[in-house]
Amino acid sequence: MFFFQCALAAEAKPLISALSLRKDTNPCPYDTYFAEDSSCVLAISGIGSLTGASSATYLLTRFGFRSESDFFINFGSCAGKNPGLYLINKITDSTTGRTFYPDMLYDLSSCGLPASSENALVTVDKIVSSLEDPASLYDMEASGIYQAASHFLSPHRILFLKYVSDSGVKDVKAITREYLTECAQKQIPSVLSVMEKLKDACDDDSAFDEELFLSTALALRASETMRHELAQLFRFAKAEDLPIEEILDSLHEEGLIPAASKREGKVVIDELKKRLI
Amino acid sequence: MSSKNDLFNYPFSHIYVEHAVADHPLTKTILKRFSKSVVIPIEHYKDVFNRSRQNFGEQKKSQSLILARRSGPSVYKGAPVCQDFGYDHFYYASSIMNCIFDCEYCFLKGMYGSGNIVVFVDLEKAFAEVEELLSKHPVYLCVSYDTDLIALESLTGFASRWAAFALAHENLTIEIRTKSFRKDIYDTITPCERVIFAYTLSPDEIIQKHEKKTATLSERLSAASYAMEKGFPVRLCFDPLIYCRNWKDAYSSMLFEVKDRIDTGRLKDISVGSFRIPSDYMKKLRKDFPGSSICQFPYENRGGVFQYPKNLQNEMEKTLVTMLQSLVSKEKIYMTDFEEKDEGDT
């Protein structure tokens, strides 16, 4: 699942349209949009690091993140010297001086994001009127978003895709909604391409048969400790590609399952272990 | 449509460099070699290496390199789970953290939060610490525990520098442990009785399945044999012994190949120990590698160390030692006896 976060509706509009997202009509602290097939969800946070952090936490908790397979993407505008879409590899919080590093594991060059598109970004608390460091990009949310999202996800699953809308402005009104939407629109093919590429990293094929596990634990009258032990055997069987279902069937046929007591259940777990190794 | 193979950046596509070592000669050499990599300046290596919730396994698919200076100690007392080969003053040095190889069972995956490699470019600091110890007593030092120095030799030159350092300090014995195929180092450094090259060996099927990116058994034996020809003391480490369903056949075939390829009479010694890992490391491994059969094996937790069930462990170790006794004398075989050692210590 992809979790998107944009600061402004004007930045999110082309993405909402391209992904055919529907507005969540339930009461939400942030305007929220979702895909019918639950493949992605998007929230509009408003401007600022704190609200960015808050909306990231809201999205990830409300929509049940899965740390092994989900991605969080912050898509939005920033100030910088040269126009284009950038992948952020270093975020500095100008207020605290702290730095954060999203992991750069994926080769997104085929998505219009070659290594040369990587850049450092500084999160500031006011709109910049000029670029203090012309080599850097400037935004108002990334630091807060990273700090919040990194409580849920690994640093390689948090991406910042930033497009340059200006090189610093004295009057915020100089940047219109229409202009921001127009800039965002130009980057949509790259964003969709990134999503397509990262779908390969969304699989989690290590999960075992939860239903079989629960019914077995119940039939063995397993305590919490026994459940842990049994789950470990299920994980081992899955990793080694061993026919645990067949072994459990034979234990059924031999009358060992269901167990009459917790003590008997423990004996069966030991027997299962023996047959697996 | 992309495949998982082209999803990841190439190894060392990103190099993080501490400001403090930006001008160090080794930093410059490494950056020159990886001129196409993205260089990201950092204040302290821990800002990157110690981030929370890093995924070791995924990072291994696209390892980043971190160049840093050692802010803490570089030399540590050897751990009880490690073989001391009878030396009284057993230490290990950590000049590089992590490895380019990808062994499924590696304790580094449990010890470190990151799969990236940290090279402490100021090796001279480690040398100074060892000299301080040498002023008090002889030292037995394992320099390739937290990494594989031979595999990274072309990047750092550390193995050669450690060898030269040992040669110059007569109370120092070092062990350089490896799973690499490289032999060229033996043409460039001076043989010394106190510089031991230790080859960790496993059956090929274990290597192929669980020791990704490492040299094959045949390549390791070839390198070990070459080292002995050149006059270096060589140790073979059957440690860790890894269980597989046909372990007896697998290890028997391996020893057949060892006998065939190595002049076992010239070996310095041999170590044997079955897989074992501190329980807190294993908890992390199990969480991070749910699809790994080695990590998910139903081990017994004995004294805070995850190990094979006692019967299986004894059988594996005894069987291997019996087989090995046909190759070398009993005195040359060192068994890992850390459980007894622990009890003795307490």
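This is a predicted model: local features need pLDDT of at least 70, side-chain atom pairs count only at pLDDT 80 or more; totals for chains, interfaces and linings use all residues.
Which residues of β11(B) point one way, and which point the other way? B:V195, B:F197 and B:Y199 point to one side of the strand, B:I196, B:A198 and B:T200 point to the other, and all of them are buried.

1. β11(B) is mostly covered, with six of its six residues buried. In a regular strand the side chains alternate between the two faces of the sheet.

2. With β10(B), strand β11(B) pairs in the parallel sense over five bridges. One pair to look up here is B:R177, whose bridge partner in β11(B) is B:A198. Strand β13 (residues 234-241) of chain B also pairs with β11 (residues 195-200), again in the parallel sense, over four bridges. On that side, B:T200 stands opposite B:C237 of β13(B).

3. **The sheet around it.** These strands belong to an open sheet of eight strands in chain B, ordered β4-β5-β9-β10-β11-β13-β14-β18, and the pairing is mixed. β4 (75-77) and β18 (333-335) of chain B are the edge strands, each pairing on one side only. On average, neighbouring strands of this sheet are turned by 25° against each other, direction ignored. Helix α7 (residues 158-167) of chain B lies across β10 (172-178) and β11, and runs at about 160° to β10(B).

4. **A second sheet in chain B.** There is also an open sheet of five strands, in the order β2-β1-β3-β8-β6 (chain B), with mixed pairing. Its edges are β2 and β6 (96-97) of chain B; each has a single partner strand, so one side of each is left without a neighbour in the sheet. The partner of β6(B) is strand β8 (residues 117-120) of chain B, joined to β6(B) by two bridges and running antiparallel. Within this pairing, B:M97 stands opposite B:V118 in β8(B).

5. **An exposed lysine.** B:K136 sits in the loop between α5 (123-134) and β9 (139-142) of chain B. Why does B:K136 count as exposed? It has 9 C-beta neighbours inside 10 Å, and a residue is exposed if that number is 12 or fewer. If you want a distance to check, B:K136 and B:M323 are 40 Å apart in space, C-alpha to C-alpha, and 187 residues apart in sequence.

6. **Where the chains meet.** Chain B brings 29 residues to the contact and chain A brings 28 residues. On the side of chain B that touches chain A, the elements giving two or more residues are β2 (38-42), α2 (46-49), α3 (56-60) and α13 of chain B. By class, that side of chain B has eight nonpolar, 13 polar and eight charged residues.

7. **Helix α6 of chain A.** A:L230, A:L233, A:F234, A:R235, A:F236, A:A237 and A:A239 are buried in α6(A). Their cover includes α5 (210-219), α7 (244-253) and α8 (262-276) of chain A, together with α13 (293-296) of chain B. Just after this helix, A:D241 takes a positive phi of about 55°.

8. **Helix α2 of chain A.** Helix α2 (residues 49-62) of chain A has 14 residues and reaches 20 Å from its first C-alpha to its last, close to the 20 Å expected. In α2(A) the buried residues are A:S49, A:G52, A:A53, A:S55, A:A56, A:L59 and A:L60. They pack against β1 (2-6), β4 (40-44), β5 (71-79), β8 (118-123) and α3 (142-149) of chain A. After α2(A) comes A:G64, with a positive phi near 60°.

9. **Domains of chain A.** Chain A is divided into domain 1 (2-201) and domain 2 (210-276). The centres of domain 1 and domain 2 of chain A, taken over C-alpha atoms, are separated by 46 Å.

Technical notes: Residues are numbered from 1 along each chain as its sequence is written. Chains are lettered from A and ligands numbered from 1 in the order in which they are written. A residue is buried if 20 or more other C-beta atoms lie within 10 Å of its own, exposed if 12 or fewer, and partly exposed in between; C-beta atoms are placed from the backbone. Two residues are in contact if their C-beta atoms, placed from the backbone, lie within 7 Å. Ala, Val, Leu, Ile, Met, Phe, Trp, Tyr, Cys and Pro count as nonpolar, Asp, Glu, Lys and Arg as charged, and the others, Gly among them, as polar. Two strands pair if DSSP finds at least two bridges between them. Axes are lines fitted to C-alpha atoms, for helices over the stretch in contact, and angles run from 0 to 180 degrees between N-to-C directions. The expected span of a helix is 1.5 Å times one less than its number of residues. Domain bounds come from an automatic or database domain assignment.
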